[in-house]
Amino acid sequence: MIKNIKETFRLVKVNWRTLVVTELLYKLIMAVVFIPGLRNSMFTAMRLGGYSYLTRENAVSYITQPVTILILLGFFILAVYFVTINASAVIYIIDCSKQDKKIGLSKVIPFSLKNGLRAWKPKNLLILLEVIFFMPFLGVGMISAVLGTTSFPKFLEEHIEGTNKFFYPTIALAVIMFLFMIRWLYVFHYFTLEQTSFFEGRRKCINLSRKRHAKDIGTLILTEIIYVAVYLGFFFLATILAVYISRAVSNALVLGWVSGSVIWFVIIIFIFLAFALQTPVVFGCISAMFYSHKEEDGEEIKHIVVAEETEETEEKHISEKRERRYKAVSTIIIAVAALVLGIYTTMGSLNPQMEYGRTTEVTAHRGASDHFPECTMAAIRGADEMGADWVEIDVHLTKDEQVVILHDDNLLRTTGVNANIWQLTYDEVSRLDAGSFFSPRYAGEHIPLLTEAVEYADESGLKLNIELKPSGPVKGLEERVVDIIRQYDFLDQCVVTCQVYNSLEKVKAYDPEIVTAYVISFAYGNIADMDAADIFSIESKSATRRMVSTVHSYGKKVFVWTVNSEKNIDKMLDRNVDNIITDDLELARRCVDDYRYSVFFTRFMKLLK
């Protein structure tokens with residue numbers, strides 16, 4: 001056993017440069033093309049099938065619709081072929097290492113593509129079973145380690161926890177797959193190295209592995225344990241380093257989101273490297289046992305013939321030129337793919353939390369009102385700097401029909417002036433002090449126009465939840481707000497909300513493209529039938545799991561307010577709400593970010609802090 005493990009790492013070492021470049025090439029393409037491709041395939045199937053969201057109620061019908069089956073089947077076929085050529089490349093390189101021969105990309109890539117195509121011949125189709133069903137067993141240790149940093153869809157967890165119907169059939173299927181994997185461990189090696197058909201390779205594999213099953217599995221498991229242990233060691237060191245680097249960067253730039261982005265990027269890179277390097281190690285181990293068993297049985301070892309070009313000939317120069325060309329193209333592909341992967345990571349496109357295809361966002365109620373005077377530009381800027389996705393603001397009309405940001409109808413609480421907002425012109429309102437009530441530090445902070453907030457948000461990318469407060473004798477608030485949104489082309493960065501349903505009907509009548517939300521403290525009956533509301537902003541106590549799921553099934557979103565405790569925030573996350581409106585932005589941001597990571601990583605980060 002120990003001898004085979006040592007031989008594994010020797011085989012990897014001989015052509016380690018080619019293995020690294022090959023795996024970087026294949027795995028980066030897989031990460032950049034196939035992961036977003038799967039996501040886009042799912043969304044395409046949703047769009048063609050008329051689904052806006054996936055919930056427990058409609059997931060089965062979505063998966064079983066013909067368009068979903070066809071799209072995912074096509075994607076699956078491409079993915080299986082890609083994995084097959086990756087395995088072919090690694091086995092080929094390892095075989096050259098066994099012969100103590102160096103091999104380059106110009107020979108590896110054409111061979112792997114050709115060998116992958118062989119798998120689609122009718123007599124070889126069953127070889128794909130090893131790729132589809134049995135390959136995951138070969139990396140069970142690393143898969144377990146990586147899944148520790150991934151959050152599964154909550155509805156799936158709840159379904160698994162809530163029913164035992166599929167438990168025993170799943171266990172039985174896993175046992176059957178495992179037994180076949182043991183018997184077919186070397187089929188792909190025969191298929192690749194000796195160019196046998198699947199059936200011939202299976203027959204030879206059964207003879208070769210007879211009475212060696214327990215030892216082979218033990219060797220594989222021990223190899224996996226060693227690999228995972230080394231990976232986790234580097235992972236911990238890199239994460240600690242990332243924490244200190246991200247702190248330094250975020251302090252220097254005063255950007256809270258930088259810290260989380262740096263840490264998450266490091267995690268993505270290490271997960272990626274774990275899978276990238278796993279394939280050579282696993283196939284190196286299987287190859288070492290394959291060669292060892294054949295030697296013990298006196299069976300001829302048939303290697304892939306690699307022509308050696310020792311003399312300075314024209315053919316050798318052509319070969320070297322071709323190799324340089326392959327390396328150059330591969331380097332460009334790797335660099336571009338790594339850049340795209342970094343962009344995906346920074347933008348959150350590879351967010352591992354695939355909860356119904358959406359991620360819960362955080363709204364700062366009246367801006368960062370815990371740290372700044374509410375509904376002021378200071379509160380809006382502060383919320384943006386603290387990582388809010390949205391800022392909720394309330395708007396009124398002044399006497400001269402200017403749209404201002406203010407929560408109360410009366411100015412007394414925030415400015416000390418006992419007057420209603422509709423009784424004063426904006427010129428009068430703009431001279432009032434809206435900051436001193438919060439702290440003398442903010443003396444002179446003025447009541448802003450809606451246009452000021454929209455201009456700032458348009459430049460920064462912040463999204464605004466604009467709540468209409470139609471009150472007093474001045475009419476036309478709905479139309480004035482819509483005009484401002486259209487003036488700044490701000491349609492995609494805002495939602496217009498109101499507690500008065502008739503106001504939302506006015507907004508939709510004036511401009512049907514404006515996204516609206518109905519603010520309600522409680523609900524009864526089928527609220528999703530309210531056509532003037534695209535979103536429902538619900539008091540958190542009324543946001544039951546059933547209500548959230550029902551609203552989602554109608555293709556509408558659920559915002560909840562005002563959620564200020566960790567217990568309630570976690571409860572809303574478990575219920576898969578789309579947006580959490582809070583006064584405690586820092587707490588909500590932390591809870592949402594923690595929810596995206598595994599319990600393991602969250603505890604590790606808390607330990608570091």
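A salt bridge is counted where a side-chain nitrogen of Lys or Arg lies within 4 Å of a carboxyl oxygen of Asp or Glu. The model examined here is predicted, so that local features need pLDDT of at least 70 and side-chain atom pairs count only at pLDDT 80 or more, whereas totals for chains, interfaces and linings use all residues. Residues are numbered from 1 along each chain as its sequence is written, and side-chain values use heavy atoms, with hydrogens and water left out.

The structure holds 22 salt bridges, one of which joins the side chains of Lys-294 and Glu-299 at 2.5 Å, N to O. Lys-294 is buried, with 0% relative accessibility, while Glu-299 is partly exposed at 29%; here buried means under 20% relative accessible area, exposed over 50%, and partly exposed in between (1.4 Å probe, protein chains only). Salt bridges with shared partners also link Glu-7, Arg-10, Lys-98, Asp-100 and Glu-295 into one network.

Glu-7 is buried, with a relative accessible area of 19%, and Arg-10 is partly exposed at 31%.

A further salt bridge, at 3.2 Å, N to O, connects Glu-194 and Lys-204. Because Glu-194 lies in the loop between helix H10 (187-193) and helix H11 (198-209), and Lys-204 in helix H11, this pair ties together parts that are 10 residues apart in sequence.

Methods
Helix = DSSP H or I, 4+ residues; strand = E, 2+ residues; numbered from the N terminus.
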